[in-house]
Every structure is written in C-alpha cells, then in structure tokens.
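Open the model in your viewer and hide the side chains. The tour moves by selection, one stop at a time.

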Amino acid sequence: MKNAVVTGAGSGLGRELCLKLAERKYRILLADVNTAGAQETLALVKNAGGDGEVYECDVTKKEAVEHMALHAFDKFQRVDLLINNAGVTSAGFTGEIPINDWEWCINIDMWGMIYGCHYFIPRMKAQGGGGYIVNVASEAGLVCLPEMGPYNVAKAAVVALSETIKTELAPHKIGVSVVCPSFFKTNLLKSMRYQTDYQRDLAQATFDHGRLSAADIAGCVMKAMDKNKLYVVPGLNAKLFWLDKRLSPELFYRFIAFTLKNKFGEKLMMFLARHGLT
Ligand SMILES: NC(=O)c1ccc[n+]([C@@H]2O[C@H](COP(=O)([O-])OP(=O)(O)OC[C@H]3O[C@@H](n4cnc5c(N)ncnc54)[C@H](O)[C@@H]3O)[C@@H](O)[C@H]2O)c1
C-alpha cells in the first residue's frame, strides 16, 4: 500500500484527489483546517476502497507543517506522495487590496507550499525508493490577468518552486507535477476575498460556465503522475491562454492593457466567462 499526504483534503479538488487515490488503494493523511470536511472526505475515501486519517493542519504555520511531516513518517513509515493543494484566492486592484488580504493569500498559497516542500523533501530523499510531489498552482501562475495580484504572485511562486525541484529531485527519483487549471467549481468562492461586485460576479460566472469539474482535474493529475509530467494544464482554454502568452508575452499584455484602457476589458472578461472561455 502506498501512502499520501494531501493538504486541503476537506473540500473541492483536495477531496477529488483523495478519491482518485482511494481507487489506487492509497493510505492518505487528509490534512486541512476544516477537519469536518476532511472527515467527510475520509468517509468517501473508505467507501472507495482507500484508507487514512484526518490531520488538523494550518499550512501557514511552519511548526504545524513540520509536525505533520513527523507524524506522517512516524505513522506510515514512508510517504510516497505529497500533494500541496490547500489554497484560497483574493481579487482586487494592486494598492486597493488590503495588505492583510495579500498576506492571507500569500501565506496559504505560497508559504503553505514552501513549508510542505521544505519539511517533506529531506525525509522523502532519506527514505529512498523515489516518490512524488504534486503542487497545485493555477493558470494564474502561468498567465497573470488583472485584479488578481496576490493570487498571481503566489501561484507563480508555486510554478517556480515546482520547476526548481523537478530537476533537483530527479536524481532521487522523486517526480514533480504542478497543476495549473483555470476555474472549476469548488468551495473556493466561499472563502474568496474581493473588493468589487464585478470581481465576485466574474469569478462566479467562470465557476458557473466552467467546462471541467474538480473530478476531471483530479483525473488529469493522476495521468500526469503516471507519466511524470511537470505541467498539468487541463482544458483547451487554459492551454490556449498559456500558448498565447508564450508566443508573444509583449503583445499578450499590450492587448489586455488596451482593453482596460479603452474600458471594455471587464466586459470582455465577463463575456468570455459566461461562454466558458476563461
Ligand atoms: N477552483 C478553482 O477554480 C481553482 C482553479 C485553479 C487552482 N485552484 C487551486 O486548487 C486548490 C484547491 O482549491 P479548491 O478550488 O478545491 O477550493 P476549496 O475551497 O473547495 O478547497 C480548499 C481547501 O483548502 C483548505 N484550506 C484553506 N486554508 C488552509 C490552511 N491555512 N491550511 C490548511 N488547509 C487550508 C480549505 O479548508 C479547503 O478545504 C487551491 O490551491 C486553489 O488555488 C482552484
């Protein structure tokens, strides 16, 4: 039986990842601040043929993440898979977003992932026999759209560290994937912090008209793990946005700036969202 640690296991993508791992008969440490949600996931995991236990962990606290690593290796003897998935989102214009919202988003999305890597990697190397790390970023980590500063910054950091450890961990046969989806329906908007109704409505529209579910994304992650694939960019829209940016970053951002300057950027984004094109 293989062992996994999944953060943010109590909801959304974390839950679906746990269910896919259960089908593969993993024993899972389901970590979350929301232990009630994680308990619900555990019941579903057991139903699906897996096993595990709930572990209360706030990924913004480095001591808590270190204790989680100690607990996981003590309990399971080895950890084959770490999924740094816990995350939140914050919207607004830079300078208008309260600094507390910046810190909240960066602490969970960026520092949570750094702590996970920092405390698990040495132990995963030492145990030998390889392993796997999945970091959940977002399309926002590859393509920085306006009014999403904290999320863009945090998720770009998740992409950067994942690229770094992909090479560092290759000699230890520890594979790495970074997951960069556009919006899909979960409970993310319940915790979202925002400044204007437009920001909230845009996020809601992308959720309501998204073409992929959390289960679809989790399926893409499993396939990427099987192939040891670094970038997981599910869905055609996310792939096209990423391709456009890579083909001509200058032109890409000039176009977005043009739409904002000429006051149709927000309308265009809402149109794309309502047609499932973001
Ligand atoms: N839903 C989307 O549209 C979308 C798109 C791209 C990337 N993502 C990423 O997917 C990941 C999962 O998000 P989701 O959409 O399933 O949202 P969600 O809100 O449904 O689940 C997030 C989970 O993380 C947990 N969490 C929050 N803060 C935590 C903390 N400090 N310590 C431990 N756990 C904490 C929450 O309790 C929750 O169970 C996030 O990293 C998110 O940024 C989501």
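The stops below cover the sheet, the helices lying across it, a helix pair and the ligand shell of this predicted model.

**Stop 1: the sheet.** Select the strands. Seven of them form an open sheet, with parallel pairing, in the order S3-S2-S1-S4-S5-S6-S7. Go to the edges: strand S3 (51-56) and strand S7 (231-232) each have a single partner strand, so one side of each is left without a neighbour in the sheet.

**Stop 2: S1 and S4.** Select residues 3-7 (S1) and 81-84 (S4); three bridges join these parallel strands. Pick Val6 and look across: Ile83 in S4 stands opposite.

**Stop 3: helices across the strands.** H2 lies across strand S2 (27-32) and S3, at about 175° to S3.

**Stop 4: H3 against H4.** The crossing is right-handed. On H3, show Lys62, Val65, Glu66, Ala69 and Phe73; on H4, show Tyr115, Gly116, Tyr119, Phe120 and Arg123, which complete the contact. These contact residues divide into six nonpolar, one polar and three charged.

**Stop 5: the ligand.** Which residues come nearest to the ligand? Of the 30 around it, they are Gly8, Ser11, Gly12, Gly87 and Thr186. Helix H1 (12-23) and helix H6 (188-191) are the elements that give two or more residues to this shell. H1 gives the most, with three. Colour the shell by type: 12 residues are nonpolar, 16 polar and two charged.

Terms used:
Residues are numbered from 1 along each chain as its sequence is written. This is a predicted model: local features need pLDDT of at least 70, side-chain atom pairs count only at pLDDT 80 or more; totals for chains, interfaces and linings use all residues. A residue is near a molecule or strand if its C-beta atom, placed from the backbone, lies within 6 Å of it. Helices (H or I, at least four residues) and strands (E, at least two) are DSSP runs, numbered from the N terminus. Ala, Val, Leu, Ile, Met, Phe, Trp, Tyr, Cys and Pro count as nonpolar, Asp, Glu, Lys and Arg as charged, and the others, Gly among them, as polar. A crossing is left-handed if the near helix is turned anticlockwise from the far one by less than a right angle, and right-handed if clockwise. Two residues are in contact if their C-beta atoms, placed from the backbone, lie within 7 Å. Two strands pair if DSSP finds at least two bridges between them. Axes are lines fitted to C-alpha atoms, for helices over the stretch in contact, and angles run from 0 to 180 degrees between N-to-C directions.
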